[in-house]
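Subject: Handover of a protein model

Dear colleague,

Please find below the structure that I am handing over to you.

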Amino acid sequence: GITRHYKFDIKLQKVTRLCQTKSIVTVNGQFPGPRIIAREGDRLLIKVANHVPNNITIHWHGIRQLRSGWADGPAYVTQCPIQTGQTYLYNFTVTGQRGTLFWHAHISWLRATVYGPIVILPKRHVPYPFPQPFKEVPIVFGEWWKADTEKVINQALKTGLAPNVSDAYTMNGLPGPLYNCSAKDTFKLKVKPGKTYLLRLINAALNTELFFSVANHTLIVVEADAVYVKPFKTQTVLITPGQTTNVLLRTKPKAPIATFLMAARPYISGPVSFDNSTTTGLLEYDKASSPNDKNKKKEKKNENNKLPLVRPALPKLNDTSFSFKYNQKILSLANAKFPAKVSKTVNRKFFFTVGLGLGPCSKRQACQGPNNTRVLAAINNVSFVLPNTALLQAHFFNKTKGVYTKDFPANPPFKFNYTGNPPSNILVNKGTKVVVLPYETSVELVLQDTSIIGAESHPLHLHGFNFFVVGRGSGNFDANKDPAKFNLVDPAERNTVGVPSGGWVAIRFLADNPGVWFMHCHLEVHTSWGLKMAWVVLDGKRPHQKLPPPPSDLPKC
Ligand code: C2O
């Protein structure tokens, strides 16, 4: 591989959307941010210089960071934030991965505007395991707030109430024509007939899973989270925040006399408030390439008025059964070239409940729940609190006292009917607890949704690893019956998985990457409320199994 250099200047930029101008935090003044392109095996050196009043860090979501944990980016986990006027050089090599990922700010809610695509091409002369596309197009979904998102989350944390929702969803930063005052801010994809396009879909929205569909066109899913999958056809893609999906779109053999809408709008499984609006872009056929005369005549007729706009049908907002079936279709290629390296044996089993709950509320805060409680989110009733220093430094220099404890529970503190009527005595507690794993532990983790405040799908993201989704079910996980049905042959390999609303998923990963690795719900509001934890993976015995010391420019807290 080669070394590629990027410079990320974090600066404020005035941007106008929905007829309102505001100053947002950006990379190099761009919104969405610049695209990072590399080939498998390349080294990336990305110098981030902070010119804004906010502290910042950047995370390379889905990059494995094999023995380069200092470059992973989550604030207070692998590094202290880059303060105003400071720089930090992110230095990592892309090993054993190719596909679509993305980068985003990883502190507070700054990723609302600080994000962009990562495209990892296969090594030179290595083809895709699907038809070579004519063109590749990243489409990043996001959310647009008229308000300052830092104020939105800080206010919510102060009052204990749910934060305000966004004012629009966006495609490549553009809300599209279904929003007021937004027609000129529309993403347009111009296509030629009879060609194959590779759409690199990325969900960078803060808080919303999205359905995506293109009117009158079938999509073929070929990759998820930068791992090739068994290709399958679908009208609609479902994508959670933190997930990426590559789809092939084959254009019609002749340019039709119509423009097609590409649309994305929420899949909502939980009780939290949301915006049910739709972001749309236009799929426009190149008229010049319209081959037959009949079409040309029709086109002339249409010259002065707009071509008819065809809208796609999308599943209903709460279509949990679509979600379940769609996710079951995502399977590893599992062939000789791209084997599914799922561990057949397991060293340690964990059972984590994930969901919202009520927990302690300090006197200075407004407490919305009964008996001085407020809404928090937790894993095994631990609502995780980030320390004032970085977990990875504390671990590496063996100064963990007062930073974290090693007693994150492997199982929930109480057994109850997780997806039924919640018991009244299940309070969550705040803490900074981690799980310590010896090098190369083979982990099996069951993630169980709870309905303490309401069942809801949670897109759980693990840093530092890909994992295999070996099982999925509705209701409560049954440790006696369900493991027999686990798929150890061709399970999906991902970095973010939706824990089904009112159900569970089982994942497996091999802890072969020393460091401290964050795991959290990629719905930012849930992360803010504490739905997060960290795994500490110890060094192996041999030199190449150890985490090297930190770079000299690693920011200090
Ligand atoms: Cu995409 Cu911890 O994040």
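The word "domain" is used in what follows for a part of the chain whose bounds come from an automatic or database domain assignment. Please also keep in mind that this is a predicted model.

The chain as a whole

The protein chain contains five helices and 33 strands. Its radius of gyration is 23 Å, close to the 24 Å that the globule rule gives for 557 residues, so the chain is as compact as a globular protein of that length.

Domains and annotation

The assignment gives domain 1 at residues 1-126, domain 2 at 130-332 and domain 3 at 348-545. Between domain 2 and domain 3, the C-alpha centres are 30 Å apart. The contact of these two domains takes 29 residues from domain 2 and 30 residues from domain 3. On the side of domain 2 that touches domain 3, the elements that give two or more residues are α1 (149-159), β15 and α3 (320-329). Of these, α3 gives the largest share, namely five residues. By type, the residues on this side of domain 2 divide into 13 nonpolar, 13 polar and three charged.

The UniProt record, an unreviewed entry, places the feature "domain: Plastocyanin-like" at residues 11-123, 136-288 and 408-539. Over residues 11-123, the chain is 0% helix and 46% strand, with the end C-alpha atoms 34 Å apart. Over residues 408-539, the chain is 5% helix and 44% strand, and here the end C-alpha atoms are 20 Å apart.

An open sheet of four strands has the order β3-β8-β7-β5, with mixed pairing. Why is one side of β3 and of β5 left without a neighbour in the sheet? Strands β3 (36-39) and β5 (58-61) stand at the edges and each has a single partner strand, so one side of each is left without a neighbour in the sheet. From one strand to the next, the twist averages 20°. Strand β3 is joined by four bridges to β8 (residues 115-121), and the two run parallel. Within this pair, I37 has V119 in β8 as its bridge partner.

Another open sheet has six strands in the order β10-β9-β12-β17-β14-β15, and its pairing is also mixed. The edges are held by β10 (168-171) and β15 (227-234); each has a single partner strand, so one side of each lacks a neighbour in the sheet. Neighbouring strands here are turned by 25° against each other on average, with direction ignored. Seven bridges connect β12 (residues 196-203) with β17 (residues 244-250), and this pair runs antiparallel.

Two backbone details

Two loops deserve a look. C19, in the loop between β1 (3-17) and β2, has a positive phi of about 65° although it is not a glycine. In the loop between β2 (20-27) and β3 lies P32, which is joined to F31 by a cis peptide bond with an omega of about -10°.

With kind regards

Methods: Residues are numbered from 1 along each chain as its sequence is written. This is a predicted model: local features need pLDDT of at least 70, side-chain atom pairs count only at pLDDT 80 or more; totals for chains, interfaces and linings use all residues. UniProt positions are given in the numbering used here, feature names are shortened, and annotations may be inferred rather than shown by experiment. Two strands pair if DSSP finds at least two bridges between them. Axes are lines fitted to C-alpha atoms, for helices over the stretch in contact, and angles run from 0 to 180 degrees between N-to-C directions. Two residues are in contact if their C-beta atoms, placed from the backbone, lie within 7 Å. Ala, Val, Leu, Ile, Met, Phe, Trp, Tyr, Cys and Pro count as nonpolar, Asp, Glu, Lys and Arg as charged, and the others, Gly among them, as polar. The radius of gyration is taken over C-alpha atoms; the globule rule is 2.2 Å times the number of residues to the power 0.38.
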